[in-house]
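The sequence and the structure come first.

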Amino acid sequence: MRQLLSALSYFSIFFAPFLFPIIIWIVARDAYIEGHAKRALFSHVFPFLAAIPLFYFFVTSQSIGSAIGFVILFFVIYGLSFIYNIVKGIQVLREYA
């Protein structure tokens, strides 16, 4: 059950990216599950935290090329975070298999 809840915290990027890890983090009484829920929550929030300075540079950029570059950079960061969550979820499930 520990691995399932921990893996679901990462896999929640598909169905409830912020809500599910927060609920698991608050409700779980196991340090193992809480740790994975915190990491999953941070990995869900990180792309949007990284988007704040990117959005600033996007708004203040003078050329369309650099604006497109910032948008591409955001999607690269988000894509890597998405892949990270899938990989970590699989690793947690396979941990004791």
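Contact here means heavy atoms within 4.5 Å. The model is predicted.

Helix 3 covers residues 31-60 and includes S43. With neighbours within four places in sequence left aside, S43 is in contact with S81, Y84 and N85. S43 counts as buried because its relative accessibility is 6%, and buried means under 20%.

A50 is also found in helix 3. Its relative accessibility is 14%, so A50 counts as buried. Between A50 and L93 there are 43 residues in sequence and 28 Å in space, taken from C-alpha to C-alpha.

## The salt bridge

How many salt bridges does a search of the whole structure find? The search finds one. D30 forms a salt bridge with R2, and the closest N and O atoms are 2.7 Å apart. The pair links distant parts of the chain, 28 residues apart: R2 belongs to helix 1 (residues 2-11), while D30 sits in the loop between helix 2 (19-27) and helix 3.

Side chains of opposite charge can pair when their charged atoms come close.

## Aromatic pairs

A pair of aromatic rings is described by the distance of the centres and the angle of the planes. The structure holds nine aromatic pairs. One of them joins F48 and Y78: the ring centres are 6.0 Å apart and the planes are at 65°, so this pair is edge-to-face. Because F48 lies in helix 3 and Y78 in helix 4 (residues 64-94), the pair ties together parts that are 30 residues apart in sequence. F48 is partly exposed, with a relative accessible area of 40%, and Y78 counts as partly exposed at 28% relative accessibility.

Y78 also forms an aromatic pair with F74. Is the F74 and Y78 pair stacked or edge-to-face? It is stacked, with 6.3 Å centre to centre and 25° between the planes; planes under 30 degrees apart count as stacked. F74 and Y78 are four residues apart in helix 4, so about one helical turn separates them. F74 is buried, with a relative accessible area of 18%.

## The aromatic cluster

Which residues form one aromatic cluster? The cluster consists of F14, F18, F48, F74, F75, Y78 and F82.

Technical notes: Residues are numbered from 1 along each chain as its sequence is written. This is a predicted model: local features need pLDDT of at least 70, side-chain atom pairs count only at pLDDT 80 or more; totals for chains, interfaces and linings use all residues. Side-chain values use heavy atoms; hydrogens and water are left out. Helices (H or I, at least four residues) and strands (E, at least two) are DSSP runs, numbered from the N terminus. Buried means under 20% relative accessible area, exposed over 50%, partly exposed in between (1.4 Å probe, protein chains only). A salt bridge is a side-chain nitrogen of Lys or Arg within 4 Å of a carboxyl oxygen of Asp or Glu. Rings of Phe, Tyr and Trp (its six-membered ring) pair if their centres lie within 6.5 Å; planes under 30 degrees apart count as stacked, over 60 as edge-to-face and the rest as tilted.
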